[in-house]
Every structure is written in C-alpha cells, then in structure tokens.
Amino acid sequence: MKKITFAFIVFNLLTASLSIQAASFKCESAQTKTEHAVCEHRGLNDADVKMVTTYNIVRKLVAMGTRGVIQDQQVKWLALRNQCQDNVSCLSEVYKMRQQKLDIYMNYIYEQGPF
C-alpha cells in the first residue's frame with residue numbers, strides 16, 4: 001500500500017509539472033548550442049524532461065535546507081551542462097549524472113515514508 005500511495009503522489013506531481021512542450025524550455029526560444037542540441041536530439045530531450053520533472057518533485061518534497069542545496073547543485077549542473085555545447089555524448093553523460101543524483105534524493109524521500 002505504501003508503494004502505491006507513493007507512486008500516486010509522484011504521478012500527480014509529475015503530471016502537474018509537465019507542460020505541453022517537450023524540453024523543459026521552449027525550443028523556439030533556444031539560444032545556445034546546448035539548448036539547440038537538446039531540442040534536436042530526442043534522447044537528450046527526453047533526458048531533459050525526466051531530469052527537470054524529477055528535480056521539481058524532489059525540490060517540493062525535501063526540507064527547506066536541503067532544497068537550497070539541491071537548487072545550488074542544479075545551478076552548478078547547468079553550468080557544467082552548458083560546457084558540453086552541442087556534444088551529444090557529453091550532454092548524455094551529464095544528464096545521466098544529474099538524474100542519478102536526483103534519483104538518490106527520490107529514494108531517500110521514499111524511504112522516509114509513510115505515504
């Protein structure tokens with residue numbers, strides 16, 4: 001029952017944070033090589049959507065002090081991501097790295113239950 005309730009909460013937060021656009025930003029407004037690469041490559045686009053959705057869920061469910069840490073990490077990660085420019089392999093790796101870190105936070109939140 002605990003897993004079902006947690007899944008329901010995550011699903012509701014997930015659907016509430018998704019917009020109609022694919023990437024976490026408007027591709028029509030893409031300005032950097034990185035943004036263009038994310039919009040042009042489906043795998044990067046999907047990784048971006050998953051990452052930002054997980055980030056938004058985690059940010060809403062952690063304590064305020066941890067929230068600040070996560071936000072600071074996100075700013076640093078964005079700077080690292082932007083260094084990749086349009087290198088798809090590099091971008092894939094930094095998205096994978098960030099998603100793994102956010103998944104650790106998600107697992108911690110889940111273990112704190114009950115939901």
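What does Cys27 count as at its relative accessibility, buried or partly exposed?

Modeller: Cys27 comes out as partly exposed, at 29% relative accessibility. The classes work like this: buried is under 20% relative accessible area, exposed is over 50%, and partly exposed is in between, using a 1.4 Å probe and protein chains only. Some housekeeping before going on: this is a predicted model, so local features need pLDDT of at least 70 and side-chain atom pairs count only at pLDDT 80 or more, while totals for chains, interfaces and linings use all residues. Residues are numbered from 1 along each chain as its sequence is written, and side-chain values use heavy atoms, with hydrogens and water left out.

Back to Cys27, which forms a disulfide with Cys39, with 2.0 Å between the two sulfur atoms; the criterion is a pair of cysteine sulfur atoms within 2.5 Å. This pair links distant parts of the chain: Cys27 sits in the loop between helix 1 (2–17) and helix 2 (33–40), and Cys39 is in helix 2, 12 residues apart. Helices here are DSSP runs of H or I with at least four residues, strands are runs of E with at least two, and both are numbered from the N terminus. About the S-S bond the angle is -95 degrees, and the link of Cys27 and Cys39 is left-handed. Its other end, Cys39, is partly exposed too, at 23% relative accessibility.

The chain comes to 2 disulfides. In the other one, Cys84 is joined to Cys90, S to S 1.9 Å. That link is left-handed as well, because its torsion about the S-S bond is about -55 degrees. Cys84 is buried at 7% relative accessibility, whereas Cys90 is partly exposed at 29%. Number the bonded cysteines in sequence order and the pairing reads 1-2, 3-4.

Now zoom out. The chain has 5 helices and 0 strands, and 30% of its 115 residues count as buried. Take contacts (heavy atoms within 4.5 Å) between residues at least 6 apart in sequence: 65% of them join residues at least 24 apart. The chain exposes about 7300 Å², with 58% of it from carbon and sulfur atoms; those areas come from the Shrake-Rupley method with a 1.4 Å probe, and for residues only the protein chains shown count as cover.

Helix 4 deserves a stop. It covers residues 64–83, 20 residues, and spans 29 Å from first C-alpha to last, close to the 28 Å expected at 1.5 Å a residue (the expected span being 1.5 Å times one less than the number of residues). Its buried residues include Ile70, Gln74, Trp77 and Arg81. Down the helix axis, the buried residues of helix 4 fall within an arc of 70 degrees, so they line one face; the arc is taken over the directions from the helix axis to the C-beta atoms. As background, an α-helix has 3.6 residues a turn, so residues three or four places apart point the same way. The buried residues of helix 4 pack against helix 2, helix 3 (42–61) and helix 5 (88–112). Turned away from that buried side are the exposed residues Gly65, Val75, Lys76 and Gln83. After helix 4 comes Gln85, whose phi is positive, near 55 degrees.

Arg81 brings us to the charges. There are 2 salt bridges in the whole structure, each needing a side-chain nitrogen of Lys or Arg within 4 Å of a carboxyl oxygen of Asp or Glu. Arg81 and Asp48 meet in one of them, at 3.9 Å, N to O. Arg81 lies in helix 4 and Asp48 in helix 3, so the pair ties together parts that are 33 residues apart in sequence. Arg81 is buried at 6% relative accessibility, and Asp48 is buried at 1%. The other bridge pairs Asp46 with Arg42, closest N and O atoms 3.1 Å apart. These two are 4 residues apart in helix 3, about one helical turn. Asp46 is partly exposed at 38%, and Arg42 is exposed at 65%.

Last, look at Leu102 in helix 5, which is buried at 0% relative accessibility. Leaving aside residues up to four places away in sequence, Leu102 touches Met51, Thr54, Tyr55 and Val58. Leu102 and Met51 are 51 residues apart in sequence, yet 7.7 Å apart from C-alpha to C-alpha.
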